[in-house]
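Here are my notes on the model, in numbered points. Have the viewer open while you read; cut-offs come along as the terms turn up.

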Amino acid sequence: MFPKKIILLPLAIAFTVSISLQCSAQKRLRDFNLFTIEDDKAIGMQVSQEIERSPAKFPILPEKGNEEAYKYLRSLMNKLLQSGKVAHAKDFAWQVKIIKDDKTLNAFAVPGGYLYVYTGLIKFLDSEDQLAGVMGHEIAHAALRHSTKQMTKLYGLDAVRQLVTGRKDAKMVEQMALSLASLKFSRKHEAEADEHSVHYLCGSNLNAAGAAGFFKKIKGKEGTPPAFLSTHPDPGNRVKAIEYKAQELNCRGDDTNKAAYDKIKKLLK
Ligand SMILES: [Zn+2]
């Protein structure tokens with residue numbers, strides 16, 4: 001017979017291993033993504049093409065005649081991408097389009113780095129740091145691949161396999177575009193995107209807590225809740241969390257570039 005110790009030791013090890021495996025499995029499940037990075041890129045490209053083809057639902061502001069506004073938005077996006085803190089900064093498409101709809105206070109990102117900002121949101125905000133904060137938030141949703149994580153959770157393995165490998169008809173891609181544009185994220189993903197927005201801006205000349213300015217403004221707005229809140233729930237303590245993060249990271253930038261921002265707002269009239 002083996003001494004007790006020799007029998008108990010492997011049991012204890014097995015027990016510990018099984019507990020830690022369970023913990024990491026739970027963690028993985030919470031942040032599980034059945035899509036590959038290549039899938040994110042391919043879905044993003046298809047959906048962005050579908051958005052271009054659907055001017056009734058997504059009236060894209062033409063580049064022609066709006067060169068300056070586009071140049072401004074791109075330079076803001078590049079400032080964030082060049083922070084060195086954005087995952088997939090080099091391999092995602094990273095393009096930004098303006099949607100001409102003054103009534104919608106929203107912005108959204110499609111997998112693979114396709115950003116959409118509504119004129120309603122640009123006109124609603126007061127300064128460059130606020131817009132940069134919101135753009136940083138959307139960049140984070142794409143970079144951290146929140147959409148495909150959420151789709152994994154919502155639709156499960158079979159639907160995902162069909163989406164990626166199955167034949168996609170026009171109707172299906174249209175549905176995908178619509179559901180991605182109005183996808184609701186979890187609180188965890190929202191908090192993560194807020195936090196990353198601060199990270200991306202920290203070290204730049206801009207106020208890194210710019211996204212907080214947006215939430216402060218939107219909280220004070222009366223009437224029906226703006227679209228951003230239906231796709232980005234729980235404004236609750238987000239202002240505090242964003243400002244706290246900027247302090248914690250000791251971000252020094254405090255520019256708001258209000259004058260440059262006002263110029264762009266005027267151009268969009
Ligand atoms: Zn969000």
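1. Start with helix H11, on the face turned away from its buried side: that face carries the exposed residues Lys240, Tyr244 and Gln247. Exposed here means over 50% relative accessible area, buried means under 20%, and partly exposed is in between, with a 1.4 Å probe and protein chains only. Helices (H or I, at least four residues) and strands (E, at least two) are DSSP runs, numbered from the N terminus.

2. Before going further, the ground rules. This is a predicted model, where local features need pLDDT of at least 70 and side-chain atom pairs count only at pLDDT 80 or more, while totals for chains, interfaces and linings use all residues. Residues are numbered from 1 along each chain as its sequence is written, and side-chain values use heavy atoms, with hydrogens and water left out.

3. Now the other side of the helix. H11 spans residues 238-248, and its buried residues are Arg238, Val239, Ile242, Lys245 and Ala246. Looking down the axis of H11, these fall within an arc of 135°, so they line one face of the helix. (The arc is taken from the directions from the helix axis to the C-beta atoms.) The background is simple: an α-helix has 3.6 residues a turn, so residues three or four places apart point the same way.

4. What do the buried residues of H11 pack against? Their partners are helix H5 (128-143), helix H8 (187-201) and helix H9 (210-219), with contact meaning heavy atoms within 4.5 Å. In H9 you'll find Gly213, which is buried at a relative accessible area of 17%. Gly213 and Glu243 are 30 residues apart in sequence, and their C-alpha atoms are 9.6 Å apart in space. Also have a look just after H11, where Asn250 takes a positive phi of about 60°.

5. Asp194 and Arg238 meet through their side chains in a salt bridge, 2.7 Å from N to O. Asp194 sits in helix H8 and Arg238 in helix H11, so to speak distant parts of the chain, 44 residues apart. Both residues of this pair, Asp194 and Arg238, are buried. The rule for a salt bridge is a side-chain nitrogen of Lys or Arg within 4 Å of a carboxyl oxygen of Asp or Glu.

6. How many salt bridges does a search of the whole structure find? The count is 16. One of them pairs Lys263 with Glu68, at 3.2 Å from N to O. Lys263 lies in helix H12 (residues 258-267) and Glu68 in helix H3 (residues 67-81), so this pair ties together parts that are 195 residues apart in sequence. Lys263 is exposed at 52%, whereas Glu68 is partly exposed at 40%.

7. Another pair worth a click is Glu50 and Arg53, whose closest N and O atoms are 3.2 Å apart. Its two ends contrast: Glu50 is buried, with a relative accessible area of 8%, and Arg53 is exposed at 56%.

8. On to the cysteines. A disulfide, taken as a pair of cysteine sulfur atoms within 2.5 Å, turns up once by this rule. It joins Cys202 to Cys251, S to S 2.1 Å, and is left-handed, with -115° about the S-S bond. Cys202 is in the loop between H8 and H9 and Cys251 in the loop between H11 and H12, 49 residues apart. Are these cysteines buried or exposed? Cys202 is buried at 14% relative accessibility, and Cys251 is buried too, at 19%.

9. For the interior, a nonpolar core is a set of buried Ala, Val, Leu, Ile, Met, Phe, Trp, Tyr and Cys residues joined through side-chain atoms within 4.5 Å. The largest one has 52 residues, of which Leu73, Trp94, Val117, Leu131, Met135 and Ile139 touch the most other members. Apart from it lies another core of 19 residues, including Val47, Phe58, Ile99 and Met176.

10. Finally, the totals. The protein chain has 12 helices and 3 strands, and 46% of its 269 residues count as buried. Among contacts with a separation of 6 or more, 74% come from residues 24 or more positions apart.
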